[in-house]
Structure formats: C-alpha cells, structure tokens
Amino acid sequence: MNAILESMKTRRSCRKFKPDMVEDAVLQQIAEAGTFAASGMGKQPARIIVVKDKTVRDQLSAMNAQIMGVASDPFYGAPVCFVVLADKTRPTYIYDGSLVIGNLMLAAHALGLGSCWIHRAKEEFESDAGKALLKTWGIEGDYEGIGHCVVGYAAAAAVKAAPRKPDYVTFV
C-alpha cells in the first residue's frame, strides 16, 4: 500500500508522551510538511510556531487547562507544541489552518512520533496573555489560534482504529 495512505490509516492521537525532546531536524521536517498544506487560492494564511521552550510550553498548557477548566496537562506531557494560527482576513483561514494541523500530525506519525490535536488555541490567543505571547514572537496582524499539534515520543502503543462507520461514504 502507498506509504501516505498507510500513514493516514495508522495514525492515532497520542495521549501519553515521554519527556524526551525531539531533534531539531525532525521538528523541521514536520514543520515543513505543515507548510505544504493546501490553502484557499494558495494564499497560505497559516503561521506555525514551534514551541520547544519548556517554560513557554508550560504556560500554553496552563492557559489551555484554565480554559478547559481542569488542573491536568491538556498537552499530555508532550515536550513540543506546534501552535497553528491563521490570518482571519482570508475567508478560508479556519480550513487552511486545519489542513496544516493535519499535515503536521501525518508527518509526525511518518517520522515515528506521536501527536495530538489540542483545541482552545482560539481562546488562548484572544486573551491578554495570548496576545502578549504573539507580540513577543513578533506576530502582528489579525490572527486566530486554530489549534495546537503536540508532538513527542509516544509512551504507550497506539490504540487500534475503531471500525469505520458503514455509511461514511456515499457514491452518487
């Protein structure tokens, strides 16, 4: 079977990570895969921020947990967080940013890593603390947080895929 199709079939969300940092060369490959996501009219409205700094990663996790109303780590211990933002002036920005996250997850899986899409980035970066982070990172403009893709070495085996529902696809 084609390697891309196989990756699509076998990738699962990882919810338990080892603390080991991922090598920069691998993170670069994942980020590059994100840059090749399809986008409306090829305008590429998304931005990818690769967060390796533990202090910043923990800050994002705490902000996310507060929004979620939990005390646990919503990033499941992953050492790396890819933040995906998208320029709200583009009509397809949510879809474009979502495709970036999909590419990031597939690339991580293809490179032997676990990943998980984490929501609540929109709320994080609408907050004063989130806006301050964007400013610190030199990101200006009308950006919305689309999501986080947390990445790392899986601490547990992936679960088997649930069977696909019988009416998932309809040919007309």
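Let's start with strand β3 (residues 114–118), which is mostly covered: four of its five residues are buried, meaning under 20% relative accessible area with a 1.4 Å probe and protein chains only. Strands here are DSSP runs of E with at least two residues, helices are runs of H or I with at least four, and both are numbered from the N terminus. Keep in mind that this is a predicted model, where local features need pLDDT of at least 70, side-chain atom pairs count only at pLDDT 80 or more, and totals for chains, interfaces and linings use all residues. Residues are numbered from 1 along each chain as its sequence is written, and side-chain values use heavy atoms, with hydrogens and water left out.

So what does β3 sit beside? Strand β4 (residues 143–152) runs antiparallel to β3, and five bridges join them; two strands pair if DSSP finds at least two bridges between them. Trp117, for instance, has Cys149 in β4 as its bridge partner.

Now for helix α4 (residues 93–110). Buried residues of α4 include Tyr93, Val100, Ile101 and Leu104. The buried residues of α4 pack against α2 (24–35), β1 (46–51), β2 (80–87), β3 and β4, with contact meaning heavy atoms within 4.5 Å. After α4 comes Gly112, with a positive phi near 85°.

Conventions: Buried < 20%, exposed > 50% of the residue type's maximum accessible area, 1.4 Å probe, protein only.
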